[in-house]
Amino acid sequence: MTLSLTPQRSLSPCCRLMKNAAGLEFIRIEHPRARALLSLLGGQLLQYRPAGRPELLWLSGQAVLDGSKPIRGGIPLCWPWFGKASDQGPQHGTARLGHWQLEQVEEDEHGVTLALLFRDGALQLRQRLRLGSTLTVEATTTNLGVEAARVQLALHSYFAVPRVADCRIEGLGPDYRDSLKDCHVSGDDRCRFTPPFDRIYTAPRSDTLLHAGDRVIRLEHKAHDSLVLWNPGPALPADMTDAAGFVCVESARLRGPLLLPGQSTSLALHCRFEPLESELVSAAG
Ligand SMILES: O=P(O)(O)OC[C@H]1O[C@H](O)[C@H](O)[C@@H](O)[C@@H]1O
């Protein structure tokens, strides 16, 4: 998707602050190792394309970009809760609807590092993105209050794929909660899916391989306790016209922890395209 954005100012040689017609701010990154776009609404990476590779992330052509809704696509952060709130708060928390502060931009010949901050009451969420030939997202919650708090976090990544029905995923683990059928399933190691699906894997591996047509994406998760797998199939949300081009594989911490005052907890995801067969052959030859 091409967004109509107006340049505002340079943040570093490869990073530029942009604005859209609704006044939302974005950071465009054009580095020899990767091109990317991040929205300060939601602190959300929307596009990321390492040099010589396809776009990693899916962004809906119907995404609402005026701040009235979360942006559909990229890597929204569900925080400080995932799903419906018990107290009428917004689905998936406040971070994806909030304006984030850009704390730091650094770059070198290998890529760009962005540090971003969001606060909701006594809870603080820091996000560090490293964008080069691979992508690392690290999110750290800190409890700045005087009472213990239970916090959930999910990196709700929309991975772009040629066709979701042809995908295979390894490393999900055998046990999941099927949110559509409202039941628990154990010992299911199948790695093919037919949309719609909405599952929370409760014993995921630390590495996940997403085989998607012409590409294999390796995901390395750190400190996750769950993986959410979602595609709505034909019953589409209003801000989506076609769901065949993505699969959500969401690294998540859904079972706590209880954060005492002053404590922090982190969740991280590292993504990279596996080398193509032709590259392995030429490296060997
Ligand atoms: O439409 P949203 O609020 O962005 O939620 C999109 C989806 O997020 C997660 O993947 C949940 O498991 C799904 O149940 C939900 O439909």
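Colleague: Which residues line the second largest pocket?

Modeller: In this predicted model, M1, R28, I29, E30, R35, A36, L46, Q47, R49, E55, L57 and L59 do. A pocket here is an open set of points on a 1 Å grid over the protein atoms alone, with protein on both sides within 12 Å along at least five of seven lines, and lining residues have an atom within 4 Å of a point. As for ground rules, local features need pLDDT of at least 70 and side-chain atom pairs 80 or more, while totals for chains, interfaces and linings use all residues. Numbering runs from 1 along each chain as its sequence is written, and side-chain values use heavy atoms, without hydrogens or water.

Colleague: Which strands supply at least two residues each to that lining?

Modeller: β3 (25-31), β4 (34-39) and β5 (44-50) each do that for the second largest pocket. Strands are DSSP E runs of at least two residues, numbered from the N terminus.

Colleague: And what volume does the second largest pocket have?

Modeller: About 230 Å³, counted as the space filled by probe spheres set on the grid points.

Colleague: How do the residues of its lining divide?

Modeller: The second largest pocket has six nonpolar, one polar and five charged residues in its lining. Asp, Glu, Lys and Arg count as charged, Ala, Val, Leu, Ile, Met, Phe, Trp, Tyr, Cys and Pro as nonpolar, and the others, Gly among them, as polar.

Colleague: OK, new topic. Where does the ligand sit?

Modeller: In the largest pocket, meaning more than half of the ligand's atoms lie within 2 Å of the pocket's grid points. That pocket has a volume of about 400 Å³.

Colleague: Which residues lie nearest the centre of the largest pocket?

Modeller: R72, Q91, H92, R96 and H156, out of 20 lining residues. Two elements give two or more residues to that lining, namely β17 (197-201) and β20 (226-231). By class, the lining of the largest pocket has eight nonpolar, five polar and seven charged residues.

Colleague: What surrounds the ligand itself?

Modeller: R72, F82, Q91, H92, R96, H156, D198, V228, W230 and E250, each with a heavy atom within 4 Å. This shell divides into three nonpolar, three polar and four charged residues.

Colleague: How many Å from a ligand oxygen is the polar side-chain atom of D198?

Modeller: For D198 that distance is 2.4 Å. N or O atoms in the side chains of R96 and E250 each come to 2.8 Å from a ligand oxygen. The cut-off for a polar contact is a pair of N or O atoms within 3.5 Å.

Key:
A polar contact is a pair of N or O atoms within 3.5 Å; within protein, one must be able to donate a hydrogen and the other to accept it, and residues adjacent in sequence count only if both atoms are side-chain atoms. On a 1 Å grid over the protein atoms alone, a cavity is a set of points where a 1.4 Å probe fits but cannot get out, and a pocket is an open set with protein on both sides within 12 Å along at least five of seven lines; lining residues have an atom within 4 Å of a point. Helices (H or I, at least four residues) and strands (E, at least two) are DSSP runs, numbered from the N terminus.
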